[in-house]
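The notes follow the order in which I checked things.

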Number of protein chains: 2
Amino acid sequence: MPLSDELWPEVQPAAARRLMLAGVQAFAERGYHGTTTRDIAGAAGMSPAGLYVYFPSKLALLAEISRSGHEQMLATLEKIVAEGRPPTATLTRLMTDFVSWHARRHTVARVVQYELHVLGDPEYQVVAALRQQIEQLFRRTISAGVTTGEFTVPEVRTTARSVLSLGIDVARWYGDHIRTGPTALGRQYAQLALRMVGAAADPVGEHL
Amino acid sequence: MPLSDELWPEVQPAAARRLMLAGVQAFAERGYHGTTTRDIAGAAGMSPAGLYVYFPSKLALLAEISRSGHEQMLATLEKIVAEGRPPTATLTRLMTDFVSWHARRHTVARVVQYELHVLGDPEYQVVAALRQQIEQLFRRTISAGVTTGEFTVPEVRTTARSVLSLGIDVARWYGDHIRTGPTALGRQYAQLALRMVGAAADPVGEHL
């Protein structure tokens, strides 16, 4: 399966997915401002005019890459929370999936995270709302753990933000030269997250 | 004191510092590839030719911003380690200063961190060596804590990297809208770092 189909199965048609992949690769290499629509169209095997059939602008393409990345992440995390496990097990799974996604999809993730400030309204608001929802899932899980006595946290907001930070920063430094695979890294980071929330036990491996 | 003097007291003359500040602001706003030497020179009140008196290229300017930022950070952290406190107190101070610097200097830090991949050899090697030394200070402090029994860490390398990650990511999200000041944030994050290394006690405030 082409990488573009794997990354964006919900985007139609295939040409739009190819443009998104070309956009990700160009933005990752030269930054948003250093990339032209001509570069992107060329890399996707199209004329510059061909790009405009699918995306009204370079900004619209970035917005779609960003929206889609955040929506996929949110859907994955919502599914985990809906399974209704106790907070320690839920946080372990949230963190494992959040981190392994950022490692596995580090090029997309880097573009999504670091070109975010380029988006203006209303595109930024759409993504900001999705980010809020992701942060809420972590915050609610941590709060639930405080309530059950599983976690001890002086400041839920700071702790939730820093747990997310840890996962997001993976996109900056992860690459094919790193020996620890995405899933193994996710598990190691889940253990660190449990420590950050002061999980009562240090349950290495127990909650996976 | 102008911000450029405060940021780079060791760079001479003042015109070079003004160019570095103009560079930081332009790179932060439009990215390295989206900025021309004309933009930077103009923002520093010079002609494009004036820039070349101080920096042979846009890349040399970025390299100097990056090298200088890393050297300052390394010097600050080396001083803390040289004071020779026990690992818990040393890690607390390292993390407090590392995080508060990334919060206070978030614009410079963002450029330094996120435009790093633009540097080629030999400029990249210079900065990479400084980053290695910074990581070493954290790694040695964590290892020392494992030896004294103050810390319990399954994987020193992953833990050191993730503690640094937490600090680095501050540059991405911190801004003037954040209510927690740089020093207060540094202290909160130092407590999180102590948890990540499994510090025997949960010594809130005790080591500051």
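I took contact to mean heavy atoms within 4.5 Å. Helices are DSSP runs (H or I, at least four residues), numbered from the N terminus. This is a predicted model, in which local features need pLDDT of at least 70, side-chain atom pairs count only at pLDDT 80 or more, and totals for chains, interfaces and linings use all residues. Residues are numbered from 1 along each chain as its sequence is written, chains are lettered from A in the order in which they are written, and side-chain values use heavy atoms, without hydrogens and water.

Entry 1. I looked up α5 (residues 58-82) and α8 (residues 123-148) of chain B, whose axes come within 10 Å and cross at roughly 20°. Axes are lines fitted to C-alpha atoms over the stretch in contact, with angles from 0 to 180 degrees between N-to-C directions. α5(B) and α8(B) are therefore roughly parallel, a term for angles under 35 degrees. On the α5(B) side I listed residues including B:H70, B:L74 and B:L77; those they meet in α8(B) include B:V127, B:L130 and B:I134.

Entry 2. I then checked α2 (residues 14-30) of chain B against α5(B): the axes come within 10 Å and cross at roughly 95°. That makes α2(B) roughly perpendicular to α5(B), the term for 65 to 115 degrees. Among the contact residues are B:M20 and B:F27 of α2(B) and B:L61 and B:I65 of α5(B).

Entry 3. I superposed chain B on chain A: a turn of 180° and a shift of 0.0 Å along the axis give an RMSD of 0.0 Å. That is the relation of a two-fold axis. The same surface serves both copies, as 100% of the contact residues of chain B recur in chain A.

Note on methods: Helices (H or I, at least four residues) and strands (E, at least two) are DSSP runs, numbered from the N terminus. Angles under 35 degrees count as roughly parallel, over 145 as roughly antiparallel, 65 to 115 as roughly perpendicular and the rest as oblique. Copies are superposed by least squares on the C-alpha atoms of residues with pLDDT of at least 70 in both.
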